[in-house]
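This briefing concerns charged side chains and their surroundings. Please consult the sequence and structure shown below.

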Amino acid sequence: MKRPSKQTALVALAVACALLGLLASETSFLRTLELKTLDLRFRLLGDQGAASADIVLVAIDDASLKTLEPAVGRWPWPRDAHSVLLGYLQRAGARLVVFDLLFLERDAQNPDGDATFAEATEQAGNVVHSVHLGNQQIAETPSDLLTRASIPSAGGFDSFAGIDFPLEGIARGATSLGHVAMALDQDGPWRRYLLLAGHEGRLLPSIALSSALASEGIPLDSLRVEDREVQVGEAEIPLDADWRLPIWFNGGPGTYRKYPYGQLFYSELQLREGQEPGLDPDLFADKIVIVGLSAAGLHDIFTTPYSGGRGEPGEGLGKMHGFEIHANVIDDLLHGRFLHEAPAWQCLGVVLLVASVTVGLTLYTGLVTALTGAAIVPLVYLSLVHWGFSHRYQLPVVSVMLSWALALTAGLVYQYWVESAEKRKVKRIFSRYVSPDVYQELLDNPNAASLGGTRREMSVLFSDLRGFTTFSEGRSPEEVIEQLNEYFAAMVEVVFAHRGTVDKFVGDMIMALFGAPLEDADHADNAVRCALAMQQSLARLNKTWRNEGRPELASGIGINSGEMVAGNLGSEKIQSYTVIGDNVNLGARIESLCKEFHAEILTSELTEARLTGDYSLEELGEVTVKGRTQPVKIFRVPLSS
């Protein structure tokens, strides 16, 4: 069975590893792992210094609960307490006041407080209130209120069966309304935002979207939903596959300036009494002020990508309060900071590229280079991931790293199993028949041998001893074999020195190839030079044997060139590399003419036409050899060439 080429193996392995990596990355465990890499990327970025100073937080914290208790009682406070806060912020000239608090039920102990707060909300003219979405309806909702606070349904946003607006007076006095529903990821953190949510054929904006629109004076009905994007004028807000907004966190906990609710409350009371306020109202001039919960017992705190990092004193490490997350989203909406996820085709392209490079390194380089290069690949890619993320572009990590690991493993297995098997085959066939440098070339590139058989332009050399029968008579087999082995050893070295391949020994005959198994543009010249060197080497051997009292030997050499079929022939159990074809037979016939023409080296016109060197060839005329009807010119190669 023919082994696939390296190019075919590279493509097949890279595609297989890429697809396996992509498919495996869709499992629940690896999807969660991908989310964890997202968390790590945010933590590596840290505080980006981009958070807007125009967004501030007013925290109902533990200190405020304690300091306000003498004035308004224990939590939950009466609604007129919030009226005091609104009075302070109205005096300060705040641009927008966003309540991340739900006012769904009447205050039974202080019903006048509801009316006071509703009036304060309407008078302020810049208040955004929260709407609750859930699976059950708590109170009946006026249809005109729902219509005012929503747009017609579109897209595939999360939908809720129940909706609860603030008390009607508070809701109608608000500049805008927004839901505070959330969708946590399967491993717990809050990473994605429900920018819009459905209810009974309508889409309700989130509190962040409502706040951003109110801040810019953009009407709600100007929103458009197309192709998983929310369009606001010229701006396009990208959504993920679940129609949710990936939150771009501008920093960890504490990124936005936070003030205790109690300080603002008492500062307003001081101002009403003509006293110097504890907190200067100018701090809130033209600010978007978000009021929310941060007290430990009120449980409005969430795991985020920064969890596991450094948190504020008394808080869970890296966790954020709800109004901090809303602040990030409002900031992003106002300044166009959105996290763009790489589309599917880019993910596939990146995975294929990494897999291809990794497999290519293992197939085309040595072990040390392959391992070194393969180790660099993920470092380069992860650096690209970090750079892209710093520009709010999210590239996949788990699928790419998994494909890289699979590609490295598959490439090494292929290289050192399949390739090694091929090299063992080459070693078995050629280690004794070619020179060390040719043998190394074959090991480096086993495909060059074309063991399956191929037509090659090459030369063949046949060398036969003269008078071997007479030489053998009167000598013991051991003596004959010993002298023959000395002769063959010398001749093999000469063949190797001229980039030849020893095809076979048949009795006292040597068959050598030039231009196979490796291509050789100078095969004809190398064959002739080899023949001359063989005769010179034999002359030196004869001198040694003469001095030792042993018989001398003579040989005739025939050379022919042309197209021949070279390949690995034989059965599954016994194979050898050889050449076949009419030009091979002609070479053998030319060698047999050496005795008739009393020549040491003969070559055909086919070889003569391919020679580039000057060998002073002597043309002997045309001959018709056995098995051929067309005559062929032959030439004597003088030993003095």
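Asp242 is partly exposed, at 38% relative accessible area (buried means under 20%, exposed over 50%, partly exposed in between, with a 1.4 Å probe and protein chains only). The model is predicted: local features need pLDDT of at least 70, side-chain atom pairs count only at pLDDT 80 or more, and totals for chains, interfaces and linings use all residues. Residues are numbered from 1 along each chain as its sequence is written, and side-chain values use heavy atoms, with hydrogens and water left out.

**Salt bridges around Arg192**
- Asp242 forms a salt bridge with Arg192, with the closest N and O atoms 2.8 Å apart (a side-chain nitrogen of Lys or Arg within 4 Å of a carboxyl oxygen of Asp or Glu).
- Because Asp242 lies in the loop between strands E12 (235–238) and E13 (245–246) and Arg192 in strand E7 (residues 192–193), the pair ties together parts that are 50 residues apart in sequence (strands are DSSP runs of at least two residues, numbered from the N terminus).
- Arg192 also meets Asp185 in a salt bridge at 3.1 Å, N to O.
- Arg192 counts as buried at 16% relative accessibility, and Asp185 is buried at 9%.

- Glu563 and Arg455 meet in a salt bridge at 3.5 Å, N to O.
- This pair links distant parts of the chain, Glu563 in strand E23 (residues 554–570) and Arg455 in strand E20 (residues 454–466), 108 residues apart.
- Glu563 is partly exposed at 46%, whereas Arg455 counts as exposed at 59%.

**Whole structure**
- A search of the whole structure finds 31 salt bridges.

How values were computed: Helices (H or I, at least four residues) and strands (E, at least two) are DSSP runs, numbered from the N terminus.
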